Amino acid sequence: MGYALLAGLAAIVVLVSTAIFIGAGSGEGGLGEDSPQSRNPAAPASSGQWVGTWSAAPAAAEPRSRDGFANMSIRNVVHTAVGGTQARIQLSNLFGNRPLTISHATIALAAAPSNPTAAAGSMRRLSFGNKPSVTIPAGGEVTSDAVRLNVPHAADLLVTTYSPTPSGPVTYHPYARQTSYVAGGDRTEDTSGTAFNQQSPYWRYLTAVDVWSNETDGAVAVLGDSITDGITSSPGANHRWTDFLAERLRTERGAPRLSVLNSGISGNRVLVDGSKFSPNNGPSGLTRVNRDVLSRTGVKVVVVEMGLNDIIKPPRQRDPVKIVNGLRDLVRQAHTRGLRVVGATLTPFGGHRGYTPRMDAVRRAVNEEIRAGKVFDAVVDFDAALRDPAHPERLRAAYDSGDHLHPSDNGYRAMAQALDLQLLKGSRPAKL
């Protein structure tokens, strides 16, 4: 009887101790300064992995912002593909010509879509190597420490940075199709959006957000041009084709558990770099694929939607072999990381000001090589999904944004539907 009583008391002590341990590691609120979680991003609250939930490729130095945003707060609004229990961000000074000092940075959930007001209780101060400020050298980038934050799927986040001093040219992503905000002074931890009375169509400095997730196995990283950038999608609606793809991956039965990272730049080409101060174009796909795609967090598979600007934009590439070889080089770079590449056919542009029958013949020749399986590990046929059956050199009217080059929201949805999700499942690269 005495032994039984002692054994029972010992079991109770173990249970209570276990409950205290579990409870200490599963709080929903912000982390204190002394919390091991706030000091060590590599010590997650539960089993899982880091995965990118949002990204934007740095495209150029923002024109007319040669001295940066001294004594101003920039509140970027971004939309998640997947959720998680912790978050961290990446900031870039790629196109800067002097060090960029960020003395204060935060992340929060938006109280409403596209709104600069933070949801109650969600504001988190960010640190960098356990310090509240960071100086990013010209051409450099930095990743913040992790903070505990319950990030939902398909939610808007507010990432706010404050620079106390002039910082030189601003690394930015134009054509965000999302309104962000600017305020005078250090308003980084303002939960109210009242002070953020300047609107911006750009993303500045921010290039990635990662989450710690035990529900997502990795990410699909998409290298593309304005069609992937979603330049004609409805502002603030998250109707890029990559957004529709992320929705399918979240909701369809049997879909791979993957997020989607958009690395499209409007005007981007496979072979030719844009100007450093151009409002679009960006570094060529061959130049940036490692930085913008292959190095993103948790990437398991790559999708490439590029090549049309090489045909349309001066200097026009009239040799389809050169474009195909450039695409093959992109695939080789991905294969060195053990990543599979799904490639897209080039979409119709009949009726666009850049159209000529000769240029369309180049597009069709590139597509023949892609469809023949001689370029990518697998193919998504965006040409077939969007073209007008009666006039295959043109977009179907219901999918045309009006410029005869870029899809409408319906066209972007059709692109996402055209991609066989099974092609995104992890497998070894093909031997091309």
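The model is predicted, so local features are reported only at pLDDT of at least 70 and side-chain atom pairs only at pLDDT 80 or more, while totals for chains, interfaces and linings use all residues. Residues are numbered from 1 along each chain as its sequence is written, and side-chain values use heavy atoms, with hydrogens and water left out.

The secondary structure of the chain comprises 10 helices and 23 strands. Helices (H or I, at least four residues) and strands (E, at least two) are DSSP runs, numbered from the N terminus. Of the 432 residues in the chain, 54% are buried. Buried means under 20% relative accessible area, exposed means over 50%, and partly exposed lies in between (1.4 Å probe, protein chains only). Contact means heavy atoms within 4.5 Å. Among contacts in the chain with a separation of 6 or more, 80% are between residues 24 or more positions apart.

Two strands pair if DSSP finds at least two bridges between them. Strands of a sheet pair through backbone hydrogen bonds, either parallel or antiparallel. Strand S13 (residues 180-184) is joined to S14 by three bridges. Val182 has Gln198 in S14 as its bridge partner.

Strand S3 (residues 72-79) holds Ser73. This serine has 0% relative accessibility, so Ser73 counts as buried. Ser73 and Tyr162 are 89 residues apart in sequence, yet their C-alpha atoms are 4.5 Å apart in space. Leaving aside neighbours within four places in sequence, the contacts of Ser73 include Thr160, Thr161, Tyr162, Tyr181, Val182 and Phe196. Gly185 is also among them. The side chain of Ser73 reaches the backbone oxygen of Gly185 at 2.7 Å.

Strand S4 (residues 84-92) has eight of its nine residues buried, so S4 is largely enclosed by the rest of the structure. Strand S4 pairs in the antiparallel sense with strand S10 (residues 147-151) over three bridges. In that pairing, Gln86 stands opposite Arg148. Strand S9 (residues 141-143) also pairs with S4 in the antiparallel sense, over three bridges. There, Ser92 stands opposite Glu141. Six bridges link S4 to strand S16 (residues 206-213), and these two strands run antiparallel. Arg88 has Asp210 in S16 as its bridge partner.

The largest nonpolar core has 39 residues. A nonpolar core is a set of buried Ala, Val, Leu, Ile, Met, Phe, Trp, Tyr and Cys residues joined through side-chain atoms within 4.5 Å. Ile89, Leu91, Ile107, Leu206 and Val209 have the most contacts inside the largest core. Another core, of 30 residues, lies apart from it and includes Leu294, Leu327, Leu330 and Val341. Beyond its neighbours within four places in sequence, Val209 is in contact with residues including Val51, Trp54, Val78, Arg88, Ile89 and Ile107.

Helix H4 (residues 241-251) has eight of its 11 residues buried, so H4 is largely enclosed by the rest of the structure. Its buried residues are Trp241, Thr242, Asp243, Phe244, Leu245, Ala246, Arg248 and Leu249. They pack against elements including strand S17 (218-224), helix H3 (226-229), strand S19 (299-305) and helix H10 (409-418).

The second largest pocket holds about 360 Å³ of space. On a 1 Å grid over the protein atoms alone, a pocket is an open set of points where a 1.4 Å probe fits, with protein on both sides within 12 Å along at least five of seven lines; lining residues have an atom within 4 Å of a point. Grid points are joined across faces, edges and corners, and the volume is the space filled by probe spheres set on the points. This pocket is lined by 30 residues, and His79, Asn238, Arg240, Thr242 and Asp243 are the closest to its centre. Strand S1 (49-55), S3, H4 and S18 each give two or more residues to the lining. H4 gives the most, with six residues.

Asn309 is found in helix H6 (residues 308-312). Asn309 counts as buried because its relative accessibility is 8%. Leaving aside neighbours within four places in sequence, Asn309 is in contact with Asp225, Gly267, Asn268 and Arg269.

Notes: Polar contact = N/O pair within 3.5 Å; in protein donor to acceptor, adjacent residues only side chain to side chain.
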